[in-house]
Structures are given as C-alpha cells and as structure tokens.
Amino acid sequence: MAQTGNSALQDVPAPTNSVQVEKATPAAASPDGAEEIVITGSRVITNGNNSPTPVTVVTVAQLQQTTPSNIPDGLNTLPVFSASNSQRTINNASGNTTGNYLNLRGIGVLRTLILIDGHRVPPTTQNGSIDVNTLPQLLLQRVDVVTGGASAVYGSDAVTGVVNFIIDKKFNGLKAQLQGGISSHKDDGSQRAGVAYGRDLFGGRGHFEASYEYYNSDGIDDKEDRPYGRSVYSYSGLGTSASPYTLITDSRNNTASAGGLILNGPLRGQQFVANGVLGPFVHGAPTSASTLESGGDGYFWKKSSLLARLRSHQAFARFDYDLAENVQFYTQASASESQNFNNFITSNLSTQTYTISAQNAFLPASVRNTLAGAGVSSFTFGKVFNNEAPISNDTRVRNVFVNPGLTGTLGEKFKFDLAYSFGMSKSRTINVNNPNTQRTSAALDAVTSPSGQIVCAVTLTNPGLYPGCIPLNPFGPTADDVTAFNYIQDNSLFHLTNKQHDLSGSIAGSLFNTWAGPVQMAVSGEFRHLTLAVDSTAEPTARPNCTGLRFNCNSVSGSVNQSNIIASARAKQSVSEGAFEVDVPILADLPLVQSLNINAAVRYTHYTTSGNATTWKVGADWHVVDDLRLRATRSRDIRAPTLNDLFAPVNESPFGFTDEHTKINFTSTLRSLGNPALTPEIANTTTVGGVYRPSWFPGFSFAADYYQISIKDAITSISGANITIQQLCEASNGSSDLCNLYIRPLPFSDRSAANYPTYVISQPLNVASVKAHGIDFEANYVRSLMGGNFSIRALASYQPKLVTVQFVGAPPQNAAGATGVPSWKVTGVLHYDIGGFGIDTQTRWRNAERRSANPTLVFRDGKIPAVSFTDLTVSYRVKRDESQAQFFFTVQNLFNKVSPLAAGAGSIGFSYPVVNGDDVIGRYYTAGVRFGF
C-alpha cells in the first residue's frame, strides 16, 4: 500500500507482499533512476515524488494477499474509506444496493470519482453511482486513490478524491488462479477462478492481452443464522433525557402475529394460535412505545439476508500497436456481468393490517356466529406471512466498456493522448414476490359458492375481472396455501440503461526552462454525452382498479404493487470541458530548498442541463532536504447534479401527515420528483502534509496529510414532511422557498381545514452544507531480516468532523465518530518472506462510536465499543524454470471476533445490528493457488 510521493518507497525495495507471477515489463525509468509512472491527479507530473496531491497507490497483489475475495473488498480495508456499500448493505429493490460502491471519508459515493485507466466509468445505477464489482480485476496492476480534490483535472465528482483502476498494459505470459472459501459457520461458500494471457506481437511493435475471471459468493440468506439476528435487538424510547433510547432484545410489534391477530370487535386480542383455532394473544414485556414489546406473540421482520449473494463474470482484452516510432494505437474493451440477490423482508402488506369480512368462508363457524351476534360486518386483522417466501431483490448488471485511442510524442518535448470511450451499463432489478394489491384484496375476500366451494367473492360478483383467483386463508400460522399466496405475488421489475460517450484529448510537455528546471504544461479537452433510460413494470403513480373489490383496495392513493417500486424515466445530458495545467519549478539547489515547484490547474465546464462551472487547483511541492518533503494544495471542486437528481420522475405515495399550518392530522400524498433547476455543488478543499524519510533510520518513512473540505450548495433531498421545515415555512409567513414544498388548494393565509395540503413535496435542492476535516497517516518500514524480507506498514485516518446541515435552520449532524464513520481508523500490515515461504497479517481497528450523528438524541447504553479484526495469510511459492506457483491459505477474522452490538430504532429485526464496516460473517477460510508461466 505504497503512498505515491512517499519518497522513501522510491529508493528501497517495496514490500513483497505476494508473489508476482506475471512477467510484466517495468515502467519507464525517469532520468534519476526512480520509476516513472503516470500520476493520477495530474497530467504533467510523472514522478510520484513531486506530486503535491496525496495519492495512495495499492498493488493488486497487496490487496489480495489478506483480502482474497475481490479488489473492492480489499480497498474497503483502507482507513480512507468509510460507509461504503457492499454485499452487507441489504435493502429493498428500488436499486442495486448490495453492489460495491466506494465512499471516501464517508462523504458520499457520488462525490468519489471512479476511473479505469484515467477514463470515466459510466454509472451503473439510477442515482449515478458505480458498482465497482463490475470492473475487470485480473489484469489490474494497481489502484490509485487520490485523497484530495481533483475536479480541475478530471471534472465533476472528484470532490473527495479519485479511485483509478490501472491496467497492466505490458503483461506477458500466462497466469491463472483458483480458490475457494467458507466460513466457520459453514456458510457463504465462495469460489474464484481466472486466467490471463499476454504476448508481444509483430516483433515487439504490438502487444495483446486478455483475461477472464469468475467469482461467486453464496451469501447468507437469513440474518437469524447468527446470534444477533436471532436475538432481534432494537431500541425503545424517544431519544430524550426523559425517555432515552434503551436497548431491548426479542423485539416484537404487538399489532400483528404469525397466526393472525384480531384488532377490534368482540374478539379483539384473540389470535389464531393454530390453523382455525383462536386463543389469547400473549403480550411481552412493555416498553416506552405502545406497540413495541420484548417477547410475546407479536411479529418481527424475518427472513432478511445477512449477506447478499454475489456472482460476477469479468472479461477484458487489450491490443496496442506502434504505428510509427512516436505514435501508438491502442484499443481495450471489457465486458462484465454482476448479479446480486438478497432477501429484503417478510412478504406482507406494508401495514400488516387487513380488513376482513366477518363472514369470510375460512373463518370457523363459531367465530362467524360470534361476530354476527355482535352485529359486526368486518374486522381489522394483523397478520404476517412468515410461512411464505420473502420479498427479495434480484439485480443483474451488465457492463460494456470500449476505449480506442492514440498516444505518442510531438517532437522531443511533447506527448499527446487522443481517446474515445463508450460505456454502457444495463441493469435489471426484480422485486421478487411483490404483492399485488388488487389480487390480494380479491384473494382475502373468501366466500362460499352455491356449489359449496370456497371461492373469491369477486368470482361470483364480477367473474370476468380476476380469472383464476384463488382464495387465501390467513387464519393460522400455516393456514395459507402456497398456490393461493403465489396468486397474489408479482415479480415487478425495472430495466435501467446508462450510456456514456466520451471523447478526450490532451497535449503535455515543456515549452521552456527556468533556472530551476523545465516548465511542464498540459492542455486538455473533453466532450461527454450521457443518457439514462428506466423502464418499469410497476409505476408508482398507477392506481388500482377497485371494481368488484370490497376491502383492502384504495383507488385514490394506493398503488398496484405494495412495495419498492420505481418509475420509468428518460434523461440526457452533454458536457463540454477545457482544462489547462502547469507545473513551474520556482527554486532549486538552495539551502533548505532542494526544489520548490508550483502546480496549478483550471477547468471550464459547460453542462447542457445545469449551466457552467469553473474549477481550479493550486499546489506546492517543496523538497526541503533529502529527509523531508512538504506539500500543500488548495482546490475548488464540484459535483454536478446527476440525471436522476435533475429528472427523476414523479413518485407518489400516501402517508399520515400532521400539518402545522392547519393543525390537521390526516392523510396526504408525498410526491417525490427531480429538480431541473439544480446547480453543481461547490467544494473548497485544502490539504497540507509532508513525507519524512530519516537517513538515520534506513528503510523507514512517515507521511501525514491534513485535509479540510467545505461543500456549499450541496444537493440533498428535502421533504416537506420534516417538522423543522414546516416550522421554518410558518415562521416566514409563507415567504420562504421551503413553502413551495406544500401544494395547497387555497392561499397560504387560509388556515382552515380546507387548506390541508393535497401534496407534500420531496425534492433535491441545493440547500445543504458539508464540512469535514482530518489527518491521514502512513508509516512504512522495510528491511532484510534473517535472510528474508520484512516489512511493516500502518495506515491511519483521523476524522473528528463530518458535519452536515441539511438546510438553513436545521440542526448540524456530525457523522464523524458516529455509526459507520469512525473518527479513528487504523490498518496495520506485517509481511515476512524467506525463500518460498511467506506470512502476512492485517489488523483493522476503529475506535468507539456514537450511536447517532444527531447530538440531541440520548442513548442509555453509551458508545458502541471499539473493535479490531485480524486476518492472516500463509503462502508458499514454488518456482521451476520459467514457471512458478503460489499456494496460499487465508483466515479472515482470525480470532472470530463478534462485532459490537449497534441496534437501530428502525423496523424490528430487519437490519443486522452492527455498524457498517464491522464484520458480520465471523472467521472465514480461503485456500487457493496462483500460478504463471
């Protein structure tokens, strides 16, 4: 995990953290003998020792040695990443939530730019984020992580930094790998296999390489396979001093049960303890919330996945050819398919309550008689269908990326690069077992036909409306028939297509020299065209047709499907950019100034959707003495609104709303939509740091970089349902722009019940602010030891502040040091190899975390404890002639550490109660072999 610019690493052997079986041609050497590579974050600096911007360079071999699953998982062990999404981020089917989305410093995946070989990767989701599981991995050489603003070099999204996946373009030979893994609980089996080939052609003027890789993780389909999942932790309370959030176990909601609970009428409080058999509902221990109990016969969300299933296929090919001595043509292409699957939640109506006819044919005669005697025609029934398959999220993403281009030199001092890339991402997300409200209503209304058969009532009253309707028996834990339940289920789905055309070019070189050295300049331009298309089979605004249906159907504000639906959409955008960068040597060969360079860049961007933006960066690189180097940058960066931010289609859903204006509590409609008036976020970033390589301590280096990020006009979704927004609107007497979030039938001055809002708007606005600061550290020590190679590396990130103010007047929320974004993260790596034997250990530690970013909330249980996880790899290398093989055995979470409990106050039993980034699997074993010829 070498840090570019950490000059100690340029003069001593890099840690040999794994066998390098590929026979790659080394990068061209700079005149001073140091390795020269293209530095991510600049178009003019080619020596990492001279970059003012901190860049962490991680070889693929180093990542795989202790994290053999995949490259994104390895990257997420680095302290600079927090709150990234992965297989463990279980959620609903409104998107591919269990893909791998990298998040620098926890500031947001949309503020981290993803590149492959310096070119933008097209979005893979509707919101514009990129699932890096879809990128080819086997022929990757390294990953560069820029931890400073870089919009002046790369454009939008490079607010918190850049992650650049670099291809090994000179690989020769054949290499392959094969591995398998399983947890100590004998679940989440995984398999990985891949092969890569490369060779020179046409007497060395051409080169071809290609790879294919397969990866599969079985996941963990049920959170109850682990003790925390079976214990069903949650919080009760209001989060105040008088009623603090208090941890409870065996959480249950007392408004429904697995057998079905009668909620009103003469049989209120009775449940079906067996199929067709009534008995008392047993309450658990009460809590501060009237519906939440500990223990008892209530329900909790069952069957949620703990770890999503993941399967991926990745293929890559590259060809280059020297057209002339100074011109090279290349073309590279990749294709991938990634499929994720997770069980989201027990298959039920969103409210778990139904209106049932008192003469329902499945009810026992004694129950029907009791209800008839009391004059009851219907009753409210709370039921969860634990006996049936859950609602699940099945997402398949297919990516194609094609990138032809020309590189070369003009004369002796200039290099040029002209490239075109086309990227397309197609995803299909299926909401498996999504109940259809119309068929549910029909199936739950069972009557006896004149022939004595139990049928759906609509079959008799409107026989042409629901042909094939199968009545559903909900009265008992296992009374429901799978055939009837399958009748009410839909597999709603949407197809998403993102396309990106990108034409870019640059010329870089030296026009003249100063007394301190050559002045390097670069001019670049880029044109991008992006399109987004979403085709959904379940539109949120589609209303059910309630003809012939007596209960459980709402044609005014209901939806045809009951959960997790997304609207169709079309959007497009073109982006034109021009940039200039210069690196000027100011001083050299003076006392305390071996060299001093100033690096500056500016970029002008025009968006057809959101107007113009200018970004810039100024940096300084000061080599004080051989042992000490200092660096600093100041930049203005942007995140432009995504197509989804701008043009997300209307999505409507009913919700209970207490209106501060009319003092009425009733049901309104929440309308979510995009905002074409959005403008780019603006970020100002400062970094100051240095590298110390003491001559009195050979092999040791230390780097530290302070950063400060301030984002204004940040894009955030604002909902008029927020009580603070209502209060701000009222305080302004209707003059605030926030009042536009309420659509009322009458003027604002009318406070009567007739002016209750028809719609409450939820929409992205440029109203938030984000401020963050912290320090990144890296220490390295490399030496020979007892005839072998020894290295130790420690990376740390200290982030005490990540404060978001969602809108003016909202309370500040400091996410740093709260769940998922620890204020301290440390990763330590130790390696030793001698002969063919190698051993690697990696330990990740985070400090204790607050249970919420909201400082006003009070928790009885204090902070979530600190925790560390250790991984161990033992390997053995066998070499014979021109071939070699490395056998390895990795144990992740070596000590089988159980993550600290971090329950939430959300849906009971849905989420697994640990913070994002902590281990949920337990000890995990992987064995395999890598070999090459």
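Predicted model: local features only at pLDDT ≥ 70, side-chain atom pairs only at ≥ 80, totals over all residues.

Reader: Which residues does phenylalanine 81 touch, not counting residues up to four places away in sequence?

Author: With those sequence neighbours left out, phenylalanine 81 touches Leu75, Asn76 and Lys825, among others.

Reader: Which residues have the most contacts inside the largest nonpolar core?

Author: The largest nonpolar core has 28 residues. Helix 2 (60–66), helix 3 (71–75), strand 4 (112–116), strand 6 (140–146) and strand 7 (161–167) each give it at least two residues. Those with the most contacts inside this core are Leu75, Phe81, Ile114 and Phe165.

Reader: How many residues does the second, separate core have?

Author: Ala442, Val458, Ala484 and Phe485 are included in the second core. This separate core has 27 residues.

Reader: What is the radius of gyration of the protein?

Author: The protein contains 11 helices and 45 strands. For 933 residues the globule rule gives 30 Å, and the radius of gyration is close to that, so the protein is as compact as a globular protein of that length. The radius of gyration is 30 Å.

Reader: How far apart do the centres of the positive and negative side chains lie?

Author: There are 69 positive and 69 negative side chains in the protein. The centres of these two sets lie apart by 3 Å.

Reader: What percentage of the residues counts as buried?

Author: Buried means under 20% relative accessible area. Of the 933 residues, the share that counts as buried is 56%.

Definitions and conventions: Residues numbered from 1 in each chain as written. Heavy atoms only, no water. Helix = DSSP H or I, 4+ residues; strand = E, 2+ residues; numbered from the N terminus. Rg over C-alpha atoms; globule rule 2.2 N^0.38 Å. Buried < 20%, exposed > 50% of the residue type's maximum accessible area, 1.4 Å probe, protein only. Lys, Arg positive; Asp, Glu negative; His and termini not counted. Charge placed at Lys NZ, Arg CZ, Asp CG, Glu CD. Core = buried A, V, L, I, M, F, W, Y, C linked by side-chain atoms within 4.5 Å. Contact = heavy atoms within 4.5 Å.
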